[in-house]
Amino acid sequence: MKPSVPDEQNKIKAVLYVEFDNSCGTKLSYQIPHGCLNEENFKSLQTYFIPSHRQMHDRLIVTKLSKYQTIGIPKSIPHSFSDTSRPSSGRDVSLFNIVFVTDLNAKTDPYKKILRKIISYFAIFEEEHQFLSCKENKPKIEDIIHSIYHGINTNGMCEFNVHDELNTIKLSYIDKESFSSPPVIRDSDVPIITVDLKDSDAWDLTLKELYPYLDNKRPIKLLADSAKIDITLVRKCIQSLIYYNLAHVVSPIQYSNTYYVTSSIYTIMLNPDMQQECRSYVRIDPDPKQLPLWEDIFTLYLAFQAGLKLKQLLRFEKPFERNINERRLIEYGLIRGILKKLHKYPILRPSATPVNSPNPCEDIPNEYKNYLNGQYSFDDICIILRYKLNKVEFDLETSNQITIIQKLGV
């Protein structure tokens with residue numbers, strides 16, 4: 001499973017490194033960021049961070065405060081007094097713990113694996129290299145704690161070296177509950193590949209056969225027919241690409257489509273990085289230095305407030321004169337949620353002759369009868385019957401027996 005970034009409720013509020021010191025007992029050596037857990041709270045919880053009973057060692061211990069909870073695994077490392085390479089501590093074990101402080105209702109399961117992994121590695125490096133006991137390594141430990149806090153909260157993962165550059169540890173936040181079912185792929189959906197698949201690790205036999213036909217224009221059904229691959233395999237392949245953020249799916253982009261701008265346009269207004277990404281994506285000029293002006297792109301997106309068909313908007317705005325590829329403008333808008341397409345779903349009116357009647361409505365062509373229940377969009381019907389959109393629109397929109405339900409979507 002791929003890492004996920006914890007939401008605000010499940011983020012780490014602080015990472016603690018706790019160890020037992022012979023002179024002062026249980027000691028909070030490092031806290032990132034400083035001040036999350038005050039001295040009073042630490043004293044009340046220190047017996048859980050470094051329990052005196054060894055039966056509690058190597059066990060996950062969760063404690064609850066008024067606002068926070070702590071998650072830790074106290075670890076004891078037996079050692080021999082005859083080991084002259086280890087700094088003398090006067091004890092037959094070394095005791096330490098790494099503790100995560102989270103919101104009171106944060107999920108604990110995603111952090112169990114992270115804690116067990118880092119605790120076990122720390123124990124190994126302590127046994128083999130005295131990594132925790134050596135005073136020269138203390139700044140390195142603090143750097144690691146810092147990396148865990150910022151990496152997990154920001155990227156859902158972190159990576160750092162322990163002892164030397166050959167020993168790299170990777171930690172990932174994986175919340176199994178957050179993984180939804182694979183997206184439903186319709187036969188009319190068009191896969192939009194967003195990265196160069198030649199450099200990815202997503203290749204399998206299906207993708208190898210499908211790759212020459214992935215042109216960001218062909219619907220799923222046409223891809224399967226062109227590559228002569230079972231459509232079920234094609235759907236699974238595209239679902240996998242979507243899961244690994246290598247692709248998106250949108251509805252077929254046609255000049256008779258109607259699009260509407262959404263409130264997400266305000267997000268990109270405040271995000272210079274997204275603006276730059278958009279400018280690079282929609283440009284016509286192959287020179288990456290010759291980008292269209294963001295003001296021109298923004299003006300085009302705002303023009304979709306009028307509910308015009310794409311061909312009407314292009315007639316008025318002429319984006320090609322501004323170094324803007326209209327198709328990629330729509331693709332980017334749909335992928336980023338800036339645009340929504342107006343989908344049409346035909347439904348046979350209850351007062352009309354039932355579609356399974358021996359005498360279906362005379363003004364409705366018979367081949368449509370199985371697709372008038374509101375479950376099939378015009379795009380779906382075009383793919384199934386291999387009709388042009390203008391024919392489907394003429395056949396169904398001119399019938400007084402059919403109601404057209406309109407719905408915004410991708």
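**Overall layout**

I started with the secondary structure and counted 13 helices and 13 strands in the chain. Helices here are DSSP runs of H or I with at least four residues, strands are runs of E with at least two, and both are numbered from the N terminus. The model is a predicted one, where local features need pLDDT of at least 70, side-chain atom pairs count only at pLDDT 80 or more, and totals for chains, interfaces and linings use all residues. My residue numbers run from 1 along each chain as its sequence is written, and side-chain values use heavy atoms, with hydrogens and water left out.

The C-alpha trace spans about 95 × 55 × 45 Å along its principal axes.

I then checked burial: 45% of the 410 residues are buried. The cut-offs are under 20% relative accessible area for buried, over 50% for exposed, and partly exposed in between (1.4 Å probe, protein chains only).

**Salt bridges**

I searched the whole structure and got 18 salt bridges. The criterion is a side-chain nitrogen of Lys or Arg within 4 Å of a carboxyl oxygen of Asp or Glu.

Lys-13 pairs with Asp-103, with the closest N and O atoms 4.0 Å apart. This one links distant parts of the chain, as Lys-13 sits in strand E1 (residues 12-21) and Asp-103 in strand E6 (residues 93-103), 90 residues apart. Lys-13 is partly exposed at 21%, and Asp-103 is partly exposed at 23%.

Glu-317 and Arg-322 make another bridge, at 3.1 Å between the closest N and O atoms. I have Glu-317 as partly exposed at 21% and Arg-322 as partly exposed at 24%.

Then I went to Lys-391 and Asp-395, whose side chains meet in a salt bridge at 3.1 Å, N to O. The two are 4 residues apart in helix H13 (residues 389-397), which means a separation of about one helical turn. Lys-391 is partly exposed at 35%, whereas Asp-395 is buried at 10%.

**Surface patches**

I looked for patches among residues with over 30% relative accessible area and no salt bridge, joining like charges within 9 Å and nonpolar side chains (Val, Leu, Ile, Met, Phe, Trp, Tyr) within 5 Å. Accessible areas come from the Shrake-Rupley method with a 1.4 Å probe, and for residues only the protein chains shown count as cover. Lys and Arg count as positive, Asp and Glu as negative, and His and the chain ends are not counted. I place each charge at NZ of Lys, CZ of Arg, CG of Asp or CD of Glu.

A positive patch on the surface gathers Lys-113, Lys-117, Lys-170 and Lys-176. Lys-170 belongs to strand E8 (residues 164-172) and is partly exposed at 48%.

The nonpolar patch I noted is made by Tyr-266, Met-269 and Leu-270 and covers about 370 Å². Tyr-266 lies in helix H7 (residues 265-269) and counts as exposed at 53%.

I flagged a cis peptide bond from Ile-32 to Pro-33, with omega near -5 degrees. Pro-33 falls in the loop between E2 and helix H1 (39-49).

Lys-318 has a phi near 50 degrees, positive in a residue other than glycine. I found Lys-318 in the loop between helix H10 (310-317) and helix H11 (326-335), partly exposed at 32%.

Arg-386 also has a positive phi, about 60 degrees, although it is not a glycine. Its place is the loop between helix H12 (378-385) and H13, and Arg-386 is exposed at 57%.

**One more distance**

Last, I checked Leu-28 in strand E2 (residues 25-32), which is partly exposed at 24%. Leu-28 and Ile-12 are 16 residues apart in sequence and 17 Å apart in space, C-alpha to C-alpha.
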